[in-house]
Amino acid sequence: MMSKIVVNPAVKWGDFTPNATEYGRRPPYSNVVLSSLVRTVRARFETVVLAELGAGTGNLLRSFKEEDITGFAIEPNKEMRAVARDLSSCDKRFEWRVGTAEESGLPSASVNWVLLGNAYQFVDPQTMFKEAKRILVAGGFLTIIWNLRHFRRDPLQRSIEQMVNGLVGHLKRTGLSVTEIMESMNTGGNFNEFIYTEASHKQILSSDRFLATWKAGHDVPSQVSAEMWDHIISHTARMIPDQMEIETIWLTRAWTFFLA
């Protein structure tokens with residue numbers, strides 16, 4: 001977990017209530033990665049029935065293009081669930097339920113694929129692994145997936161990140177620590193590692209939506225004051241080009257495990 005460096009940070013770690021709307025404007029995950037993972041699950045199971053633990057505003061679930069995928073979206077925050085319903089009111093593939101990654105409320109052996117999208121850093125790992133094992137059928141899969149800014153290939157996003165570092169120093173950043181987080185992972189014997197998948201993808205965003213993706217940030221505002229966070233967002237807004245469309249580059253990274 002990330003340590004706080006201020007007594008009263010702009011947001012409380014793990015609470016997305018203040019920026020749920022902005023979080024819903026983050027871009028989709030890589031279709032290349034998701035399609036590959038879907039094929040992997042379908043190679044073992046006739047149909048895909050999944051559960052996303054910590055589903056947030058549904059960004060990951062909306063990224064699936066396949067109409068025959070069904071399952072459950074588990075999310076504890078009511079503001080995040082409300083945004084998700086507004087953004088996908090016609091999508092009946094997934095049933096939204098109140099719950100957490102540690103206590104999903106789903107029946108045992110009810111799904112064949114469990115996912116956590118940009119959420120692993122907020123859960124208690126060992127309890128989550130046990131819960132994922134409980135709700136999975138024999139041979140089921142668990143995928144921990146991240147959709148990150150591709151700083152190395154995206155000069156605009158890299159320059160904004162450098163600006164943030166110049167203002168507040170090198171804070172603990174989840175996106176830059178994913179490899180470290182995953183390499184230190186211990187599933188407690190519940191899962192075996194299966195496959196690693198990654199792909200970069202371009203997303204064309206309006207300037208307003210691009211700014212919203214930064215307002216949706218969590219690790220920085222959870223470590224700085226509200227005043228400093230407003231200052232960072234103001235600087236970010238001034239760095240965004242005055243144009244209708246902005247090409248951004250993102251990196252989806254996925255670690256998939258199978259039930260031991």
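**Exercise 1.** Find which residue caps the N-terminal end of H2.

*Solution.* In this predicted model, look at Ser-30: one of its side-chain oxygens sits 3.2 Å from the backbone nitrogen of Val-32, and that makes Ser-30 the cap. Next, check the helix length. H2 covers residues 31-44, so at 1.5 Å a residue its 14 residues should span 20 Å. The end C-alpha atoms are 20 Å apart, which agrees. Finally, see what H2 packs on. Its buried residues include Val-33, Leu-34, Leu-37 and Val-41, and the buried set packs against helix H3 as well as strands E4, E5, E6 and E7.

**Exercise 2.** Work out where the buried residues of H9 fall, seen down its axis.

*Solution.* Start by listing them: Trp-229, Ile-232, Ile-233 and Thr-236. Now recall that an α-helix has 3.6 residues a turn, so residues three or four places apart point the same way. In H9 the buried residues fall within an arc of 95 degrees, so they line one face of the helix.

**Exercise 3.** Identify which element gives the most to the largest nonpolar core.

*Solution.* This core has 29 residues, and Val-114, Tyr-120, Met-128, Trp-146 and Met-182 have the most contacts inside it. Elements giving two or more residues include E1, E2, E4 and H5. E5 gives the most, with 5 residues. Apart from this core lies another, of 24 residues, among them Ala-55, Leu-60, Leu-115 and Ile-145.

Conventions. Residues numbered from 1 in each chain as written. Predicted model: local features only at pLDDT ≥ 70, side-chain atom pairs only at ≥ 80, totals over all residues. Heavy atoms only, no water. Buried < 20%, exposed > 50% of the residue type's maximum accessible area, 1.4 Å probe, protein only. Helix = DSSP H or I, 4+ residues; strand = E, 2+ residues; numbered from the N terminus. Arc of directions from axis to C-beta. Expected span 1.5 Å × (residues − 1). Contact = heavy atoms within 4.5 Å. Polar contact = N/O pair within 3.5 Å; in protein donor to acceptor, adjacent residues only side chain to side chain. Core = buried A, V, L, I, M, F, W, Y, C linked by side-chain atoms within 4.5 Å.
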